[in-house]
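Here is my note on the model you sent. Please read it alongside the sequence and coordinates.

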Amino acid sequence: LLDTGGYGPRMSVPYGTYSHDTDLWVWNHKQYLPVFASGNDGRRGARTISAPGNAKNVLTVGSLELGAGLDPYREDVAYFSSTGPTYDGRIKPDIITPGTGISAAYSDNSKNPGVCLTSVHSGSSVSTPLAAASVALLRQFLREGRHSNPQSNPDQTAGIPY
């Protein structure tokens, strides 16, 4: 199972009840991987990962800025992306994915039926779904046994539990 979340307190906090409860739940449900945004407090410096992104058993996602500055080929951590280490010294975020200028579909509550609208967003909550989708594809790849034999039959690995 996979879950993605770009929610939580809008500030960095030490490891607390919210993160502990998340870790405990994941420990008891080992087939589950929550993917959380790191937060957008990076302007404040280090140790800005928000809960539950600072939990130990979650995949925490930060934002990558593509074309940073004047160089269109430059890639860097987005200036707003929360960074680690966590208050107890762990390295977070675990991964960064594009999170600036991301175009996404949205609804205007059916004011224009049949019209696909888009808007542009930035933030670690925009980066998180891309990481979660990548994890889902990787899981499928491994579950189908393609890592050991690209020509393998998916039926041969159907018994893998997750």
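This is a predicted model: local features need pLDDT of at least 70, side-chain atom pairs count only at pLDDT 80 or more; totals for chains, interfaces and linings use all residues.

1. Residues are numbered from 1 along each chain as its sequence is written, and side-chain values use heavy atoms, leaving out hydrogens and water.

2. The protein has two helices and seven strands, arranged along the sequence as β-α-β-β-β-β-β-β-α. Helices (H or I, at least four residues) and strands (E, at least two) are DSSP runs, numbered from the N terminus.

3. Of the 162 residues, 34% are buried (under 20% relative accessible area, 1.4 Å probe, protein chains only; exposed is over 50%, partly exposed in between).

4. Helix H1 covers residues 17–28 and spans 16 Å from first to last C-alpha, close to the expected 16 Å (1.5 Å times one less than its number of residues). Its buried residues are Ser 19, Thr 22, Asp 23 and Val 26. They lie on the same side of H1, because their arc around the axis is only 100° (taken from the directions from the axis to the C-beta atoms). Strand S2 (33–37) is among the elements covering them. The face turned away from the buried side carries exposed Thr 17 and Asn 28.

5. Glu 144 sits in the segment after helix H2 (124–143) and is buried, at 18% relative accessible area. Its side chain makes a polar contact with that of Gln 140 at 2.5 Å (a pair of N or O atoms within 3.5 Å; within protein, one must be able to donate a hydrogen and the other to accept it, and residues adjacent in sequence count only if both atoms are side-chain atoms).

How values were computed: Contact means heavy atoms within 4.5 Å.
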